[in-house]
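Here is a short report on helix packing in a predicted model. The structure comes first, then the reading of it.

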Amino acid sequence: MLSLQNLTELFAKQHTWQDRYRQLIMLAKQLPDFPEQQKIAQNQVNGCENQVWLTYQKQADNTYIFSGDSEGRIVKGLLAILIMIANNKTAQEITAIDFSSLLSQLKISDELSQSRLQGLAKLIERIKSVA
């Protein structure tokens with residue numbers, strides 16, 4: 001998984017939406033396999049265009065590790081970015097993250113449809129609710 005710095009550098013090299021779109025799909029492929037038995041209603045994030053599941057584990061050092069999956073490639077790529085940003089952070093660090101600003105800096109959120117932006121907001125809300 002990439003760090004925020006690596007993500008920023010990676011997306012800075014992408015000059016068109018098509019390039020960023022392809023990069024999102026590549027990031028989606030980097031998410032670890034999500035167990036089928038975890039694809040239950042309790043782990044589902046409602047309000048997204050595609051079905052999305054998100055789980056987390058609190059580590060001994062009070063940081064969180066998130067994992068997830070989606071049926072949609074773009075949504076899965078967006079989920080991968082959110083997970084990369086939130087993983088290995090404490091609750092306090094997670095609540096301080098301005099996910100929307102970071103996605104804007106990556107020039108991703110500007111190109112998304114309104115319904116996809118709403119789903120993205122639900123994913124961010126779910127991550128922050130853990131903290």
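The expected span of a helix is 1.5 Å times one less than its number of residues. Helix α2, residues 17-30, has 14 residues and should therefore span 20 Å. Its end C-alpha atoms are 20 Å apart, so expectation and model agree.

Which residues of α2 are buried? They are W17, R20, Q23, L24, I25, L27 and A28. These buried residues pack against α1 (4-12) and α3.

Next comes the pairing of α3 with α6. Two packed helices are described by the angle between their axes and the distance between the axes. Here the angle is about 30°, and the axes of α3 and α6 lie 11 Å apart. Angles under 35 degrees count as roughly parallel, so α3 and α6 are roughly parallel to each other. Their crossing is right-handed. The table lists the residues in contact.

| Helix | Range | Contact residues |
|---|---|---|
| α3 | residues 73-86 | I74, V75, L78, L79, L82 and A86 |
| α6 | residues 114-130 | R116, L120, L123, I124 and I127 |

By class, the residues of this contact are ten nonpolar, no polar and one charged.

Now to helix α1, where L4 is found. Is L4 buried, partly exposed or exposed? Its relative accessible area is 34%. Buried means under 20% and exposed means over 50%, so L4 is partly exposed. Leaving out residues up to four places away in sequence, L4 touches I85 and L102. L4 and L102 are 98 residues apart along the chain, yet their C-alpha atoms are separated by 8.9 Å.

How values were computed: Residues are numbered from 1 along each chain as its sequence is written. This is a predicted model: local features need pLDDT of at least 70, side-chain atom pairs count only at pLDDT 80 or more; totals for chains, interfaces and linings use all residues. Side-chain values use heavy atoms; hydrogens and water are left out. Axes are lines fitted to C-alpha atoms, for helices over the stretch in contact, and angles run from 0 to 180 degrees between N-to-C directions. Helices (H or I, at least four residues) and strands (E, at least two) are DSSP runs, numbered from the N terminus. Angles under 35 degrees count as roughly parallel, over 145 as roughly antiparallel, 65 to 115 as roughly perpendicular and the rest as oblique. A crossing is left-handed if the near helix is turned anticlockwise from the far one by less than a right angle, and right-handed if clockwise. Contact means heavy atoms within 4.5 Å. Ala, Val, Leu, Ile, Met, Phe, Trp, Tyr, Cys and Pro count as nonpolar, Asp, Glu, Lys and Arg as charged, and the others, Gly among them, as polar. Buried means under 20% relative accessible area, exposed over 50%, partly exposed in between (1.4 Å probe, protein chains only).
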